[in-house]
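Open the model in your viewer and have the selection tool ready. The stops below go from strands to domains to a pocket.

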Amino acid sequence: MDREKLFKDAQDIIIKCDNDRVEEVAKLALSEGIEPLEMINEGFRVGITKMGDLFERGEVFLPELIQSAEVMKKATDILMESLPKGIDTKRGTVVIGTVQGDIHDIGKILVVTMLQANSFEVFDLGHDVETEMFIEKAKETNADIIGTSSLLTTTMKYQKELEDELKKSGLKGKFKTIVGGAPVTQRWADRIGADAYAENASTAVREVQSLMGS
Ligand code: B1M
């Protein structure tokens, strides 16, 4: 089977909200030996990004975007399920979530799965998580790292709020921080004083490893 054809099928499935074919194409990709993240990035993610652009231009509306997101979630669930669970030696503990006011969680779930597959213990607080919750969970679990995802320019301020709260409570050195999400950049991470920034799930694993000194 032609890889490019599979990537194109994946894009189309998201754009057409084709819930009937998503399982077949995701499983076919796995059986063809395509890496789960590659299939997501080259195929399904391209489709959902196109839907976002169409939405921004007013060419599709929220109900269609929601349906596409559901198909996208199904695809990522099937693909990521195939990854090893990484249960051997624990390499560190990460508390993670999408910040307050933000319900986007598809990318964050990819980051969680990749961290777990690389032997990190992860406490996923879900989405729309208040700053205080991140700190409380990190204290409770004696976490090494707090990771925040933000997909909206209007909610990025909560990544800064976390840095401010950590500084205020004298915990800035105790918990390292990593930020991510489509509008987030290295520049933003530097500006707010986050310890790391990652553009995608693979670089998130690299950055977290580096924060752990491994
Ligand atoms: Co929304 N949305 N959305 N949306 N949505 C965006 C973000 C938008 C850019 C679309 C657009 O207009 N082009 C736009 C934001 C504009 C802005 O802020 N300037 C937008 C908007 C406006 C909205 C609403 C306000 C729409 C409305 O209601 N009028 C609303 C907001 C709701 C809210 O949160 N309060 C809304 C709602 C939704 C849906 C519910 C329909 C759905 C989300 C479903 C879900 O997540 N469960 C949705 C979707 C799907 C999108 C787009 C199209 C796709 C996001 C996605 O899943 N990408 C998005 C457009 C876009 O991003 N280009 C858009 C695929 C995913 C694999 O990538 O999430 O980037 P991503 O994650 C990557 C990296 O960013 C990184 O690694 C991941 C894996 O590679 N990463 C991290 C992410 N988190 C990380 C954390 C890390 C490290 C790396 O460390 C901790």
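Select β3 (145–149) and β4 (176–180): the two strands pair in the parallel sense over five bridges. Strands here are DSSP runs of E of at least two residues, helices are runs of H or I of at least four, and both are numbered from the N terminus. Two strands count as paired if DSSP finds at least two bridges between them. Pick Ser-149 and look across to Gly-180 in β4, its bridge partner.

This is a predicted model, in which local features need pLDDT of at least 70 and side-chain atom pairs count only at pLDDT 80 or more, while totals for chains, interfaces and linings use all residues. Residues are numbered from 1 along each chain as its sequence is written, and side-chain values use heavy atoms, leaving out hydrogens and water.

Next, select β1 (residues 93–98) and β2 (residues 121–124), parallel strands joined by four bridges. Val-95 stands opposite Phe-123 in β2. Follow the chain from β1 through α5 to β2: this β-α-β crossover is right-handed, that is, with the strands pointing away from the viewer, the path from the first strand over the helix to the second runs clockwise.

Now colour by domain: domain 1 is 3–81 and domain 2 is 93–211, with bounds from an automatic or database domain assignment. Their centres, taken over C-alpha atoms, are 25 Å apart. Seven residues from domain 1 and eight residues from domain 2 make the contact, defined as heavy atoms within 4.5 Å.

Last stop: the largest pocket, with a volume of about 1,500 Å³. A pocket is an open set of points on a 1 Å grid over the protein atoms alone where a 1.4 Å probe fits, with protein on both sides within 12 Å along at least five of seven lines; lining residues have an atom within 4 Å of a point. The volume is the space filled by probe spheres set on the points, which are joined across faces, edges and corners. Of the 47 lining residues, select His-104, Ile-106, Gly-107, Leu-151 and Ala-182, the closest to the centre. α3 gives the most to the lining, with 10 residues.
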